[in-house]
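Please look first at the sequence and the structure, and then follow me through them.

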Amino acid sequence: MDSATRFNKYHHIYLTLIGVIMVYPILWMVIASLTPSHEIFLTGRFLPSTIQWSNYTEALSAKANYSLLDFLLNTFILEFFVISGTIISTSLVGFGFARVPFPFKKILFTILIGSLLLPQTITLIPRYILFSKLKWINSYLPFVIPSFLASGIGGTFFIFLVNQFIRSIPLELDDSAMIDGCSRFQIYLKIILPLSKTVLITVALFSFIWTWDDFQNQLIFINDVAKFTISLGLRMTIDTTELMSWGPILAACSIALLPSLSVFLMAQKYFVEGIATTGIKR
Amino acid sequence: MTRTKMRTEPDLMKKGWKKHTGILFVLPWLLGMTFFQLWPIVHSIIISLFDYSIFREKEFIGFGNFAELLFDDDAFWQSIKVTLKFVFYTVPSRIIFALLIATILNRSTKGIGIYRVIYYAPSLIGNSVAIAIIWKAIFDKNGIVNLLLSNIIHNKPLWLGNPKLALPTISLLLIWQFGSSMVIFLAGLKQIPKEQYEVASLDGAGVLTKFFKITIPHLSPLIFFNVLMQMITIFQYFTGPFVIYNGQAGPADSCLLLGIHIYRSAFNMFRLGYGSALSIMLGLMVGLVTIFIFRVEKKTVFYG
């Protein structure tokens, strides 16, 4: 065995070991969610003595008139509008910065970069005041309207991503379309958008997961249980039912993680490439 | 003469108008930037000078809020201490971990895709409420971590109930999410020319020499960028302790992050002015550290 293969072999041992630690919390959650509550913390055994499906039925049963299914549905509705808005706005703005000349472009691009460094916590209270004056509190407008204006969660990052991608499309395509009499908007709509499918899928996927995981904004802008998202609903579940045992709680967690985790696993290539390109070409 | 003039003028006008229509493409962002970013910052500064509650008429008090937080609010100083500790525990570990794993992963040929997925997943889902709840369960007194450690340590530590261990345990939740930095570093490593390593090997350079003389300098712009972005995110962290301690700040306020203090002031005690003053202090701190990181960058980062 030469030194290179030996090196590789050792490294696979570390990598696997760390990999086990990485997935263990999630693996444990899934197994524990199928374990009778009294067994979860007691035994040293890896698998439960019996599979306790009732944890899931209990987690999904309605509490205070609403169940996890309502919160899931709410979150999907919110996601639909946020993702649509994000795709439309960030593709337009990304195209603008990549292809169209306009006054103060350099300064505006610098502001765009600068806004990446802005701690969002500073804007939290003024946004709350703004949204309450607009009577948007307890609706999804504080999430949907900013996403249509390319300034929702991850907005700046997405503009960057789209901008980088469009820059890699040959300019000759625009030139020949312009000679054919296409306007800038037609170039955007008929040439650039169809070619940008991959980057827009990436934007949609990141937008989905970040909205799914968001907690602080939802906590502040939504107070009505009827409008609760999965993050808020899940927190309410653990908070209101002190007596509720770990089995159903972990079943609820598994349900809450299933959509984001499966989206990631199915589309991990988009996530990897999306994060890698913005990191490299800043 | 007049005919040509009449013909050119609308053309020119059209051209001039066209030059400005470009801005329509970025208009959505301009509006969003103005109303949801720039104006809120200005507004935050303004209301930090007021005694501003949802229930009462607001009242101008100058730097009263700042005087209060500096001289009259032990929780503020506690939250500064906790936040700085938290950034210090979390950011370097995350970056170093991401760097080491990316370097190892870059050398392996088999299974790189699977490892990458496994390491990257936590950084995408780790900020959710569900993961915070899971952290609470696995670090419970009778949780799986103590069960696994029961052969080594006999008295079960109260990870999240002990003022000394609580913050590091939450920090662990964020270090667990090193994956996104790792993916960026991995992409950067792919761009380093292999010949440089081969030449160094011929010169008799060992693994460590190559790591410090070739890998680190090449990745330094990326390392700088990641340290900066992670620092900004971690300074504002909120979800983990808020969910785990149900709105409280952990044993003996040991997890009172600035983000939690701001939330409590503004949305539990309804003191919006005071909360704004606190968030401006957060902004100042992040700003200072950002300037510091840029200074270090100028001296150390290698743009090859």
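Predicted model: local features only at pLDDT ≥ 70, side-chain atom pairs only at ≥ 80, totals over all residues.

Residues are numbered from 1 along each chain as its sequence is written, and chains are lettered from A and ligands numbered from 1 in the order in which they are written.

Let me begin with chain A. Chain A has 15 helices and zero strands. Helices here are DSSP runs of H or I with at least four residues, strands are runs of E with at least two, and both are numbered from the N terminus. The C-alpha trace of chain A spans about 75 × 70 × 35 Å along its principal axes. Of its 282 residues, 43% count as buried. A residue is called buried if 20 or more other C-beta atoms lie within 10 Å of its own, exposed if 12 or fewer do, and partly exposed in between, with the C-beta atoms placed from the backbone. I shall also speak of contacts: two residues are in contact if their C-beta atoms, placed from the backbone, lie within 7 Å. Among the contacts in chain A with a separation of 6 or more, 76% come from residues 24 or more positions apart.

Now consider one helix in detail, helix H10 of chain A, residues 184-195. How far apart are its end C-alpha atoms? They are 15 Å apart, which agrees with the 16 Å that its twelve residues should span at 1.5 Å a residue. The expected span is 1.5 Å times one less than the number of residues. The buried residues of H10(A) are A:Arg184, A:Ile187, A:Tyr188 and A:Ile192. Seen down the helix axis, these buried residues fall within an arc of 95°, so they line one face of H10(A). That arc is taken from the directions from the helix axis to the C-beta atoms. On the other side of H10(A), A:Lys190 and A:Pro194 are exposed. Against what do the buried residues of H10(A) pack? Their partners are helix H4 (68-99), helix H8 (155-167) and helix H9 (171-179) of chain A.

Leaving out residues up to four places away in sequence, A:Phe165 touches A:Ser196 and A:Val199. The C-alpha atoms of A:Phe165 and A:Phe95 are separated by 9.4 Å, although the two are 70 residues apart along the chain.

I turn to the two chains together. In total, 73 residues of chain B are in contact with 74 residues of chain A. Helix H2 of chain B, residues 23-47, gives the most to the side of chain B that touches chain A, with 15 residues. That side divides into 47 nonpolar, 22 polar and four charged residues. Here Ala, Val, Leu, Ile, Met, Phe, Trp, Tyr, Cys and Pro count as nonpolar, Asp, Glu, Lys and Arg as charged, and the others, Gly among them, as polar.

The largest nonpolar core has 149 residues, and those with the most contacts inside it are A:Cys253 and B:Ile133. Such a core is a set of buried Ala, Val, Leu, Ile, Met, Phe, Trp, Tyr and Cys residues joined through C-beta atoms within 7 Å. Helix H4 of chain B, residues 74-107, gives the most to this core, with eleven residues. Beyond its neighbours within four places in sequence, A:Cys253 is in contact with A:Met29, A:Leu234, B:Ala130, B:Ile133 and B:Ile134.

Finally, two residues in loops of chain B. B:Gly143 lies in the loop between helix H6 (129-138) and helix H7 (144-149). Is B:Gly143 buried or exposed? It is buried, with 22 other C-beta atoms within 10 Å. Not counting residues up to four places away in sequence, B:Gly143 touches A:Phe41, B:Ala137 and B:Ile138.

B:Ala252 lies in the loop between helix H12 (239-244) and helix H13 (258-268) of chain B. Its phi is positive, about 50°, although B:Ala252 is not a glycine. B:Ala252 counts as exposed, because it has 12 C-beta neighbours inside 10 Å.
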